[in-house]
Amino acid sequence: MIAGVCAGAPKMLGIDAALLRILLVAATLFGVGAGAILYLAAWVLVPEEA
């Protein structure tokens, strides 16, 4: 909800936004911050909608 990554990326990937959010939280908690790093990378790399 901060940068819209979990709303925009599922549209491109064809998956549910809630599933992506759960996966990112799990990756952050169990992957020693990997989910947060992936989120920040997607924030920078995924283009904004016009």
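1. How many helices and how many strands does the protein have? There are three helices and zero strands. Read from the N terminus, the order of elements is α-α-α. The model is a predicted one, and the points below should be read with that in mind.

2. Overall dimensions. The radius of gyration of the protein is 11 Å, which agrees with the value near 10 Å that a compact globule of 50 residues would have. Along the principal axes, the C-alpha atoms fill a box of roughly 35 × 20 × 15 Å. Of the 50 residues, 20% count as buried. Taking contacts between residues at least 6 apart in sequence, 38% join residues at least 24 apart.

3. Helix α1. This helix covers residues 5-13, and its buried residues are V5, C6, A9 and P10. Viewed down the axis of α1, these buried residues fall within an arc of 115°, so they line one face of the helix. An α-helix has 3.6 residues a turn, so residues three or four places apart point the same way. The exposed residues K11 and M12 sit on the face of α1 that is turned away from the buried side.

4. Just after α1 comes G14, with a positive phi of about 75°.

5. Residue A17. This residue belongs to helix α2. Is A17 buried or exposed? Its relative accessibility is 19%, and the cut-off for buried is under 20%, so A17 counts as buried. Leaving aside residues up to four places away in sequence, A17 touches C6 and P10. Both C6 and P10 are among the buried residues of α1. From A17 to G33 the separation is 16 residues in sequence and 20 Å in space, C-alpha to C-alpha.

6. Packing of α2 on α3. Helix α2 spans residues 17-30 and helix α3 residues 34-45; their axes come within 5 Å and cross at roughly 130°. The two helices are therefore oblique to each other. On the α2 side, the contact is made by L24, A27 and T28. On the α3 side, A34, G35, A36, L38 and Y39 take part. Sorted by class, this contact has six nonpolar residues, two polar residues and no charged residues.

Notes
Residues are numbered from 1 along each chain as its sequence is written. This is a predicted model: local features need pLDDT of at least 70, side-chain atom pairs count only at pLDDT 80 or more; totals for chains, interfaces and linings use all residues. Side-chain values use heavy atoms; hydrogens and water are left out. Axes are lines fitted to C-alpha atoms, for helices over the stretch in contact, and angles run from 0 to 180 degrees between N-to-C directions. Helices (H or I, at least four residues) and strands (E, at least two) are DSSP runs, numbered from the N terminus. Angles under 35 degrees count as roughly parallel, over 145 as roughly antiparallel, 65 to 115 as roughly perpendicular and the rest as oblique. Contact means heavy atoms within 4.5 Å. Ala, Val, Leu, Ile, Met, Phe, Trp, Tyr, Cys and Pro count as nonpolar, Asp, Glu, Lys and Arg as charged, and the others, Gly among them, as polar. Buried means under 20% relative accessible area, exposed over 50%, partly exposed in between (1.4 Å probe, protein chains only). The arc is that of the directions from the helix axis to the C-beta atoms. The radius of gyration is taken over C-alpha atoms; the globule rule is 2.2 Å times the number of residues to the power 0.38.
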